[in-house]
Amino acid sequence: MSSNTKETLRKTIPEATFPSQLYGILFRHYGPSGWWPGDSPLEVALGAVLTQNTAWINVEKAIDNIKKAGMLDVERIYRADPSELAALIRPSGYYNIKSRRLKNLVTLIMDRYAGDLDALLSEDLGDLRLTLLGINGIGKETADSICCYAADKLTFVVDAYTARILERHGLADARWVYDDIQNMFHEGLPPRIEVYKDLHAHLVFVGKEYCRSKRMLCNTCPLGGWLT
DNA sequence: TGCCAGGCCGGGT
DNA sequence: ACCCGGCATGGC
């Protein structure tokens, strides 16, 4: 990617509007995403932690184990022995540290919301996000995933794929950090939860298929046209 | 076989 | 303010 191409893009695609153009292209290509995969807010929240740097296929196995053990419940996870929980989530990797992280989350729900996840999720976005970020093991992406997909709050989830795709297509600088990218989407997207949910999901689809770290197949990528 | 996955933390410069 | 090592299984 030459700097010349970047300059051309910056002139032709105003930064305040290209997130919505991006959304238009991807929605026409993929349609409604149906994300987040999961049947309940609790499942979404647990999945958000379990999928940290981990393929979703492995997270499914872990969640399945939790369900089969009858442990898909805030208080049961809270009461569970850490090593017992770790054994259930073993397929999702980092199982010891993730066992602690899940327990940190449910402990907050038990201690401050009497075990009522919905009470936590019905807080205002700002409060909810800060509360989640205060939990050891929950960073910005995990917190935003829970806010957006479990609580239906208007906050855009930025992940490694998002940053990589934007950079590869000359739409963001490699030096941009999480907040820079998130601000760009918050300023450029229509404030509708379905838009936020679908666009993040679609960027993950694109990332998985066309933008893995070592190679990029832009000839068939739905965003290919943006490069030429 | 080796690389990668929908990060995050803690310690060090 | 960055940079890095550690955490770990399963798929391609």
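Predicted model: local features only at pLDDT ≥ 70, side-chain atom pairs only at ≥ 80, totals over all residues.
Q: Why are H3 and H4 called oblique to each other?
A: Their packing angle is about 130°, with the axes 10 Å apart (axes are lines fitted to C-alpha atoms, for helices over the stretch in contact, and angles run from 0 to 180 degrees between N-to-C directions). Under 35 degrees counts as roughly parallel, over 145 as roughly antiparallel, 65 to 115 as roughly perpendicular and the rest as oblique. H3 and H4 therefore count as oblique.

Q: Which residues of H3 and H4 meet?
A: Glu43, Leu46, Gly47 and Leu50 of H3 meet Val59, Ala62 and Ile63 of H4, contact being defined by C-beta atoms, placed from the backbone, that lie within 7 Å. This contact divides into 5 nonpolar, 1 polar and 1 charged residues. The nonpolar class comprises Ala, Val, Leu, Ile, Met, Phe, Trp, Tyr, Cys and Pro, the charged class Asp, Glu, Lys and Arg, and the polar class the others, Gly among them.

Q: What makes H2 and H13 roughly perpendicular?
A: The axes of H2 (residues 18-30) and H13 cross at roughly 75° and come within 10 Å. That angle lies in the perpendicular range, so H2 and H13 are roughly perpendicular to each other. Tyr23, Leu26, Phe27 and Tyr30 of H2 make the contact with Val195, Asp198, Leu199, His202 and Phe205 of H13. By class, the contact has 7 nonpolar, 1 polar and 1 charged residues.

Q: Which residues surround DNA strand C?
A: Asn53, Thr54, Ala55, Ile57, Asn58, Arg90, Pro91, Gly93, Tyr94, Tyr95, Asn96 and Ile97 do so; the criterion for being near a strand is a C-beta atom, placed from the backbone, within 6 Å of it. H4 and H7 (95-113) are the elements that give two or more residues to this surface. H7 gives the most, with 3 residues. The surface near DNA strand C has 6 nonpolar, 5 polar and 1 charged residues.

Q: How many residues surround DNA strand B?
A: There are 27, the closest being Gln52, Asn53, Gly139, Thr142 and Ala160. The elements giving two or more residues are H10 (140-150), H11 (160-168) and H13 (193-210). H10 supplies the largest share of the surface, 4 residues. The classes near DNA strand B are 10 nonpolar, 11 polar and 6 charged.

Q: Why does Asn53 count as exposed?
A: Burial requires 20 or more other C-beta atoms within 10 Å of a residue's own, exposure 12 or fewer, and partly exposed is in between, with C-beta atoms placed from the backbone. Asn53 has 7 such neighbours and therefore counts as exposed. Asn53 lies in the loop between H3 and H4, and its phi is positive, about 50°, although it is not a glycine.

Q: Why does Tyr94 count as partly exposed?
A: Tyr94 has 17 C-beta neighbours inside 10 Å, and therefore counts as partly exposed. Its place is the loop between H6 (82-88) and H7. Tyr94 too has a positive phi, of about 45°, without being a glycine.

Q: What makes Asp124 exposed?
A: Asp124 has 9 other C-beta atoms within 10 Å, and therefore is exposed. Asp124 is in the loop between H8 (117-121) and H9 (125-133).

Q: Why is the peptide bond from Trp35 to Trp36 called cis?
A: Its omega is near 0°. Most peptide bonds are trans. Trp36 lies in the loop between H2 and H3.

Q: How many helices and strands does chain A have?
A: Chain A has 13 helices and 0 strands. Of its 228 residues, 33% count as buried.

How values were computed: Residues numbered from 1 in each chain as written. Chains lettered and ligands numbered in written order. Contact = placed C-beta atoms within 7 Å.
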